[in-house]
Amino acid sequence: MEQPLFWSVRKVPWWFSSPPLFLLLGILIGYGMRRMQGLNPMYGVESTTVVSHRDVKSRKALAELAEIYKPSKFTFSHAAYQRFYPVIFEPYRDKEFKMLEIGIDTGSGSLLWKDYFPLVDLWGLDMNQATLETKGGQSISMVIGSQSNRSFLETDFLSVTGGGFDIIIDDGGHHFEQQSLSYQVLFEKALKPGGWYIIEDIETSFWGKGQALYGSSITRGGCEIKDTMFRAMQRLTEVVNKKFIDNDRTVFGSVDHWVKSIMFGSNIVILQKKDEQDCFSENLYTWPNRLANDCPAALQANRTSYPAEKFTLHAFCSTVSD
């Protein structure tokens with residue numbers, strides 16, 4: 001008597017001989033093949049987040065790209081930011097995201113970023129019209145204007161770009177007025193919650209007053225001067241730890257309360273912006289009675305909230321909690 005097909009095959013696993021399980025196995029194999037082809041198994045459309053092992057293995061590290069494009073931020077020994085950036089930038093290499101760089105110069109940096117981040121929506125801000133004609137400037141979305149003009153940043157710039165940047169790098173004019181104003185406006189209004197804000201070339205905080213830089217003179221600088229950008233960023237670490245020191249403490253204003261963390265490297269400051277996950281930490285300190293008497297936070301134990309018009313972070317957190 002002729003046996004059914006499923007029983008005529010010798011040494012086949014038991015689960016292979018069951019029609020329902022055989023069908024399930026086929027579905028799983030088909031699912032895996034579609035994933036390997038970079039397709040969404042549910043809808044059959046191309047996925048922008050799938051990167052093949054071959055692509056990952058062959059792509060160049062940031063230090064390698066620095067040798068190819070040679071932007072000054074990676075070639076000078078007092079910069080060499082390729083030592084710091086991979087730690088925070090590598091997770092973005094396979095993602096679609098939005099990035100702004102202030103200061104385009106020769107455009108070589110823009111070409112590097114486009115190579116390093118193949119899916120990036122890259123924007124550049126520069127006051128020099130000539131940067132539009134560089135190869136790098138032509139490869140990205142460009143805005144011409146001054147980073148030290150508050151009205152321009154708050155209106156025209158935000159209107160044109162739409163804000164919502166995941167990463168902002170300030171490699172612009174390096175004067176205190178430019179670095180501080182850009183931080184005050186862009187960190188709060190143009191950077192996404194959870195995003196990164198980087199200030200390069202903090203070295204100018206230590207230059208002598210009157211030193212020429214890009215056609216203007218340094219207005220403040222020195223190792224013992226307290227109102228430089230470097231010293232301001234140092235004081236910002238106290239705002240990050242405000243619940244133990246003073247919940248009202250700021251350096252530049254309410255924008256400071258958005259700072260989640262601040263990191264210092266040689267000639268660079270890296271800040272991360274708070275997001276909804278940080279709202280819980282905005283609660284007052286659990287043990288204010290243990291704080292020293294010279295800490296204002298010790299006397300702020302009965303506070304329940306901040307005025308929304310004073311601290312925009314708390315208005316944001318109120319929206320999240322609602």
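Visitor: Which residue in β9 is the bridge partner of F264?

Guide: Please bear in mind that this is a predicted model. In general, side chains in a regular strand alternate between the two faces of the sheet. To read a pairing, one follows the bridges from strand to strand. Here, F264 has V269 of β9 as its bridge partner. That bridge belongs to the pairing of β8 (residues 259-265) with β9 (residues 268-273), which is antiparallel and runs over 6 bridges.

Visitor: How many residues lie between the strands in the hairpin of β8 and β9?

Guide: There are 2 residues between the strands, and N267 in this hairpin takes a positive phi near 70 degrees.

Visitor: How do the axes of α4 and α7 cross?

Guide: A helix pair is read from its axes and then from its residues. The axes of α4 and α7 come within 10 Å and cross at roughly 145 degrees, and the crossing is right-handed. On the α4 side, the contact involves L62, L65, A66 and Y69; these meet S108, L111, L112, W113, D115 and Y116 in α7. By class, this contact has 8 nonpolar, 1 polar and 1 charged residues.

Visitor: Is Y92 buried or exposed?

Guide: The test is the relative accessible area, with buried meaning under 20%. Y92 has a value of 13% and is therefore buried. Y92 is found in the loop between α6 and β1 (97-102).

Visitor: Which residues does Y92 touch, not counting residues up to four places away in sequence?

Guide: With those neighbours left out, Y92 touches F97, F117, D166, I167 and W196. Of these contacts, the one with F117 may be followed in detail: Y92 and F117 are 25 residues apart in sequence and 7.1 Å apart in space, C-alpha to C-alpha.

Visitor: What percentage of the residues in the protein chain is buried?

Guide: Buried residues make up 42% of the 322 residues in the protein chain. The secondary structure of the chain comes to 13 helices and 9 strands.

Key
Residues numbered from 1 in each chain as written. Predicted model: local features only at pLDDT ≥ 70, side-chain atom pairs only at ≥ 80, totals over all residues. Heavy atoms only, no water. Pairing = 2+ DSSP bridges. Helix = DSSP H or I, 4+ residues; strand = E, 2+ residues; numbered from the N terminus. Axes fitted to C-alpha atoms, helices over the stretch in contact; angles between N-to-C directions. Left-handed = near helix turned anticlockwise from the far one by under 90°. Contact = heavy atoms within 4.5 Å. Nonpolar A, V, L, I, M, F, W, Y, C, P; charged D, E, K, R; others polar. Buried < 20%, exposed > 50% of the residue type's maximum accessible area, 1.4 Å probe, protein only.
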